[in-house]
Amino acid sequence: MRKLFIIAALLAATGAQAETPRDFLTRFEKEAGAAASAERGARFFNTKQGGEWSCASCHTDKPTQAGRHAKTDKPIAALAPAANAERFTDAAKVDKWFRRNCNDTVNRLCSAQEKADVMAWLLTIK
Amino acid sequence: MKRLIPAALLLLAVSAHADNYSLPKHAVFEEECASCHMAFPPQMLHADSWRAMMGDLSHHFGSDASIDEKRRAAITDFLVTHAGGRKTGTTRDASGKPLLRITETARFEKKHREIAPATWKRASIKSPANCTACHARAAAGDYNERSINIPK
């Protein structure tokens, strides 16, 4: 009985947290109040926005493959969900890295529209 | 007996030296401080340096490494607890501010005196902070000479 209870509690806990990449697309589109464009997302991801880096500087322009940190050279696992099942499954992690990486590339937070666009593009690449 | 004691002391000293930089386990530190680069050993900087670094993670060597307050406090505690003592050498710059880079400490400079400035800039190395380029087992805290290989 006790074991069953623990399993149920565990399931409830993971159920509350686990998210899928699609959930993030839905959330960002809702926040933006407009549909996402994968094409815009690709452009945003792959071009510098005035700063020293674009997203592709560390994640490459084919994010199904592993990247490297532009400054430290440390390998970074693939970002596209098709290539890496761990990506976009934890809201705290996703929000933290959007905050940091947007500050480092565009010198401000990304808008909900920009995040929706990037998400849409990442979901199209296989 | 008298001879045994120095031998034992020597052994102790040697093993303590080898373990100097092994990383004490800390899940939050590993998750947050080994994502952009390998985890640097807390023993390599003075507590004042760690406190100063942890006080401004939004401007961390040109990167935004900000985290929530709970994690920031937990990691600061961990780093300060395991921080290096006098052996890290000079720990402040000329104006008295704590040094933030391990690679600027007197101890680091002394250990790497023989490396030419041009070597640090090789494409395969990029930065003195890229310890793993030359110390194959650095991420495990092992800087022993046996695992050093300077890439071309």
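The model is predicted: local features need pLDDT of at least 70, side-chain atom pairs count only at pLDDT 80 or more, and totals for chains, interfaces and linings use all residues. Residues are numbered from 1 along each chain as its sequence is written, chains are lettered from A and ligands numbered from 1 in the order written, and side-chain values use heavy atoms, without hydrogens and water.

**Cysteines**

- Over all chains there is one disulfide (a pair of cysteine sulfur atoms within 2.5 Å).
- The disulfide links A:C102 and A:C110, with an S to S distance of 2.0 Å.
- The disulfide is left-handed because the torsion about the S-S bond of A:C102 and A:C110 is about -100 degrees.
- Both A:C102 and A:C110 are buried (under 20% relative accessible area; exposed is over 50% and partly exposed in between, with a 1.4 Å probe and protein chains only).
- A:C58 takes part in no disulfide; the nearest cysteine sulfur, in B:C36, is 8.1 Å away.
- That distance of 8.1 Å is too far for a bond between B:C36 and A:C58.
- A:C58 is buried at 13% relative accessible area, while B:C36 is partly exposed at 25%.

**Chain A**

- Chain A has six helices and two strands (DSSP runs: H or I of at least four residues for helices, E of at least two for strands).
- Read from the N terminus, the order is α-α-α-α-β-β-α-α.
- Of the 126 residues in chain A, 40% are buried.
- Among contacts (heavy atoms within 4.5 Å) in chain A with a separation of 6 or more, 56% are between residues 24 or more positions apart.
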